[in-house]
Amino acid sequence: MRSRLGHALLRAQRIQGRDVWRAVRWYVTGTVAVQAAAAAAVVSVDRVRKRRQPPTGEFPRTPPATLPVAHSTVTTYTFGADLYEDMLAAIRDARRTVYFETFIWKSDDVGQRFKDALLAAARRGVEVYVVFDSWANLVVPPAFQRFPRLPTLHVLRFPLVRPGLLTLNLRKTGRDHRKILVIDGEVSFVGGYNIGSLYATQWRDTHVRVEGPSAWELENAFVDFWNDHRKRRHPQIPDRGARAWEARIRAAQNAPNRLSFPVRGLYLEAIDRAEHRIYITQGYFIPDRDILRGLVQAARRGVEVKVLIPEVSNHVLADWAARAYYTQLLESGVQLWLFQDAMVHAKTMTVDGRWTTVGTTNIDRMSMTGNFEVNLEIYDDDLAAQMEKIFATDLTNSRQLTLREWESRGLLSKIGERILRRLGPLL
Ligand SMILES: O=P(O)(O)OC[C@H](O)CO
């Protein structure tokens, strides 16, 4: 009797277990299908809109400015053509070493000029080290990604497949999202600019050039990455340790292989310290809960918080994922400014006119805790003033999104946002 009851209970449990499992499968499949449909709809509408009304790609420019910072100089760039000319000139002037690292490297005119300049440097005996990300350049013709064999040219294609994704080993995940150029250990560049003709004139981005002892910060960042990821055929670069201990200019490197993500920490710290103002410029702005809370708390304690993002970026899904946070930000008093007519792709922040960061790190999950990134943090009032001047110029090309406008958006948008907000952690 007891065993018959036991069997019946067991069977009932099994049936219930199967039902639960089936319900879970339906829920997951349904959710994914709804998200895929919403994403497809948003992407299609965006394509049509951009075809009908392509962005003009015009925006006010702030000319490059060079300022003394600590014992070095820092030059700010906000227009790609200016930056690329100076980067190419620096490669042409190189005497000993060129370290060049980029996420995207287009095969267009600008990309070809960089390739030619790097090859010319290697041919005249300069040791040239090149790193670029395979995933980011999947659409670039393979022929462009091939280089002649030269004893002074060392090329590292950061691998397409990152095995950690399959083995759940965080150390073996992440894309190389960095953009660095270092010449002879004396001049270095970093910022948001990838390499390509579009970025030369039609995207608003920010890069800096550091000349002097603090150029070492980015040299060291390159050497660390190279030595950690080089193949057996690649020479090791001597890591000479800190030639500059200068606290006013420091590089922070996000490095999944070291389980180290200090750029996120420097953002959180600086936001936490803010007393007067925080100005952020970002191409993709999907803050995690701590950055969001930091900004909300800063605004609530009376800090003027302004976030400048593109009205329409080149990644419409990132735009939609970002919208999930607008209500909370606007309600707490954070100002959202939408850049007009062009993509703004800079990754910068200034706090209280004292502290600046410029680098490659977006405020999104992939950059903050996923990819290899590098940012400079700079404590200097004059540089912060220059960055605030750039920010003010950008605001003249932006419109403020008010809470009232945001709240009056249509029901369809609200539904789309709810569905697409779950993509945030993937971006
Ligand atoms: O990944 P980022 O910030 O360099 O931006 C790259 C662009 O989105 C390319 O589509």
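1. In this note, Ala, Val, Leu, Ile, Met, Phe, Trp, Tyr, Cys and Pro count as nonpolar, Asp, Glu, Lys and Arg as charged, and the others, Gly among them, as polar. On that basis, the lining of the second largest pocket comprises 22 nonpolar, 12 polar and seven charged residues.

2. The model is predicted: local features need pLDDT of at least 70, side-chain atom pairs count only at pLDDT 80 or more, and totals for chains, interfaces and linings use all residues. Residues are numbered from 1 along each chain as its sequence is written, and side-chain values use heavy atoms, with hydrogens and water left out.

3. The domain assignment of the protein chain gives domain 1 (16-52), domain 2 (65-247) and domain 3 (262-423); such bounds come from an automatic or database domain assignment. The centres of domain 1 and domain 3, taken over C-alpha atoms, are separated by 28 Å. Eight residues of domain 1 are in contact with nine residues of domain 3, where contact means heavy atoms within 4.5 Å.

4. Grid points are joined across faces, edges and corners, and a volume is the space filled by probe spheres set on the points.

5. The second largest pocket holds about 1,100 Å³ of space. Its lining numbers 41 residues, and Phe 103, Trp 135, Arg 175, Met 366 and Asn 371 are the closest to its centre. Because domain 2 (65-247) and domain 3 (262-423) both give residues to the lining, this pocket lies between them. Helix H5 (197-201), helix H9 (316-323) and helix H11 (365-369) each supply at least two lining residues, and H11 has the largest share, four residues. Helices (H or I, at least four residues) and strands (E, at least two) are DSSP runs, numbered from the N terminus.

6. An open sheet of eight strands has the order S9-S16-S15-S14-S10-S11-S12-S17, with mixed pairing; two strands pair if DSSP finds at least two bridges between them. Strand S9 (249-254) and strand S17 (398-401) stand at the edges with a single partner strand each, so one side of each is left without a neighbour in the sheet. On average, neighbouring strands of this sheet are turned by 20° against each other, direction ignored. Axes are lines fitted to C-alpha atoms, for helices over the stretch in contact, and angles run from 0 to 180 degrees between N-to-C directions.

7. Strand S10 (residues 277-282) and strand S14 (residues 347-351) run antiparallel and are joined by five bridges. Tyr 279 stands opposite Thr 350 in S14. Helix H7 (residues 262-273) packs on the sheet, touching S9, S10, S14, strand S15 (355-359) and S16, and its direction makes about 125° with that of S9.

8. The whole structure contains three cavities of 30 Å³ or more. The largest cavity has a volume of about 70 Å³. Thirteen residues line the largest cavity, and Thr 281, Thr 348, Thr 350, Met 387 and Phe 391 lie nearest its centre. Strand S8 (203-211), S10, S14 and helix H12 (381-395) each give two or more residues to this lining, with the largest share, five residues, coming from H12.

Key: On a 1 Å grid over the protein atoms alone, a cavity is a set of points where a 1.4 Å probe fits but cannot get out, and a pocket is an open set with protein on both sides within 12 Å along at least five of seven lines; lining residues have an atom within 4 Å of a point.
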